[in-house]
Amino acid sequence: MIAKWLGKRVIMGTIVLIIVSFLSFFMMHAAPGNPATAYYGGNAQTLTTGEKERIEQAFGLDKPVLFQYGTWLGEALQGNLGYSAKEGRPVSTILLERLPNTLQLIVLTLFLVTITSIWLGLQAGMKEGSLLDRGLSIFSIASSAIPPFWLGILFIMVFSITLGWLPSSGMNDVRGDGGLVDRLYHMVLPLTVLVISHVGIFARFLQDSVKVENHSYYVQVARANGVSEREIRSMILRNAVIPYINYVGVTIPSFFGGSIVVETLFSWSGLGQLLVKSVMVKDFPVLMGAILIIGVVVVICLFIIDVLMICLNPRLRRGGFV
Amino acid sequence: MRTQRKYPLFWIVLLALIFTTTIFSSLLAPFEPNAMDMNQIYKAPNATHLLGTDQLGRDVLSRLLVGGKVTLFIAIISVVLSSIIGIIYGGISGYFGGAIDAVMMRILEAFLTIPSLVIVLALQAIMQGSVWRMAMIMGVTGWFVTARIVRSEFIRLKELEFVQMAKMFRTPLWKILFGHLLRNCIPAIFVVTIFNFAGAIFTEVSLSFLGIGVPPATPSWGTMLYTAQNDLLVGAWWMGLFPGLFIFVTILCVQVIGGTFKQGGRSHI
């Protein structure tokens, strides 16, 4: 049953990825000019029509669009995403350089956000009407209205410029040895911004579902039978965490969205910064590759979340509803 | 335990105030927003320039008021567009169901997998340009959640007795779609549109901040923060503080208003 269900998820993920690749290919295909014009660029006047046609043939641009897509996808599956129009280096190399940096940021953010929000949400949800409960509600609305880059600018103003405690940009100290401590030191500000802008809504979500569970019959019955408050908490958490994990899954793309802005602000050389750069210089091969790889990473994350759901929700394991 | 619905009067008034000041910004602005004054470069907030001046001696307050017009205009146009697309897409998917629904939902899932900011960025790369074009791009990429909500509402409503009855009496399809189904979705659509509006402000501001939104010469809240990155180095804190504060308060108003309506209705986003 699980195998069948997981198989279905894998197939769905594959379909999603095919659509993503389709989108990124045709988006770039719709762009004005084609790779050939980008190639001969300023020499357009001096070339004869025959020469232009030869270049187009060499690029395969005389073939039907679907055929071009097929070729591109076939190559992409083998890890060949073409060459950067500006740097001339293979796109896959550029992406693989950047990917770990983004993952470091996002995985740490995700870790801190889930730990903090589960703790806060549980505390607040169990004590309805308390100061923490109301405070968290206000914080979650306020934090979801703060643009992360503005928060980043404020932090830079306070912690980097005024107090001089933390670096405002880069990933390593230029003179340093580039060790782990140095990396973490540079990560403090971007990480804090990402965590603050996400933790509120997550905690609020858990808080709400803890409240719903807290009012349900099984909890009341357990209380009436004198089950210890500790055990009740664990019961509530186990049930409330299931929709929460699902919500984390739905929100994962927005972590990548948030990292684009934060990476650019703090000059963190990850995928997000690369994306913005390649839009500015219109480096389409890199842009296509970056979209594709973000799609792949998100689909993998969603798959991990699915597996986590099976571990946490016995109903799924026993082949109940999906 | 539903609390009685209270209208968030304070926030509605505040939002209305923001809207009116931006609409009449050209009359209200104390200075011409693009007028440079080389004697007044990087002046901290003072009695003449309430929020200080920028690197060209332009009045920050005037630029903020005018800049709000660009941001809010883009947000409104894009939300209208995205609602229309979302209603049509979700409506078709929800009403017809079956294979059509399955295909349309897989496509929607693919869209939701790519962070929306990435899609907008890619489209900006292809056709960067005017304020209108940017509103279009954001509208075309902002309908996913609306479509989902409309779809689930349609699926819920179409099984209800009054719709079944209408079908039995051979009511024309368009009447069922618009008169019976769509009309009952309006509260849910309203709520999701409010949140979309906040999201659209967010997106516009983020794009302009990244330097790929509206042309940097146009004053908008995002572009002001984009230039503020350099201003911080010379200690011009007011350049970084005030535009963000405007954005924050506006989005906060919209979120709080949306939140109240969401609690009142049964829709869950």
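The side chains of B:Arg151 and B:Asp101 form a salt bridge, with N and O 2.7 Å apart. Because B:Arg151 belongs to helix α7 (residues 144-158) of chain B and B:Asp101 to helix α4 (residues 98-113) of chain B, the pair ties together parts 50 residues apart in sequence. The model is predicted. Over all chains, the whole structure holds seven salt bridges, but the count between chain A and chain B is zero.

- B:Glu109 and B:Arg106 form a salt bridge, and their closest N and O atoms are 3.2 Å apart.
- B:Glu109 is partly exposed at 22% relative accessibility, and B:Arg106 is partly exposed at 25%.

**A salt bridge in chain A**

- A:Arg204 and A:Asp208 meet through their side chains in a salt bridge, at 3.8 Å from N to O.
- Both residues are in helix α8 (residues 180-214) of chain A; because they are four residues apart, about one helical turn separates them.
- A:Arg204 counts as partly exposed, with 22% relative accessibility.
- A:Asp208 is also partly exposed, with a relative accessible area of 35%.

**The interface between the chains**

- In the contact between the chains, 46 residues of chain A meet 41 residues of chain B.
- The two chains bury about 3,700 Å² between them, and 84% of this area is on carbon and sulfur atoms.
- Two residue pairs are in polar contact across the interface, both at pLDDT 80 or more.
- Several helices of chain A each supply at least two residues to the side that touches chain B, among them α1 (2-29), α6 (131-145) and α10 (229-265).
- The largest share of that side, eight residues, comes from α7(A).
- By residue type, the side of chain A that touches chain B divides into 38 nonpolar, five polar and three charged residues.

**A buried serine in chain A**

- A:Ser143 is located in helix α6 of chain A.
- A:Ser143 has a relative accessible area of 4%, so the residue counts as buried, the cut-off being under 20%.
- Apart from neighbours within four places in sequence, A:Ser143 is in contact with A:Ile196, A:Ser197 and A:Gly200.

Key. Residues numbered from 1 in each chain as written. Chains lettered and ligands numbered in written order. Predicted model: local features only at pLDDT ≥ 70, side-chain atom pairs only at ≥ 80, totals over all residues. Heavy atoms only, no water. Contact = heavy atoms within 4.5 Å. Buried area = accessible area lost by both parts, 1.4 Å probe. Salt bridge = Lys/Arg side-chain N within 4 Å of Asp/Glu carboxyl O. Polar contact = N/O pair within 3.5 Å; in protein donor to acceptor, adjacent residues only side chain to side chain. Nonpolar A, V, L, I, M, F, W, Y, C, P; charged D, E, K, R; others polar. Buried < 20%, exposed > 50% of the residue type's maximum accessible area, 1.4 Å probe, protein only.
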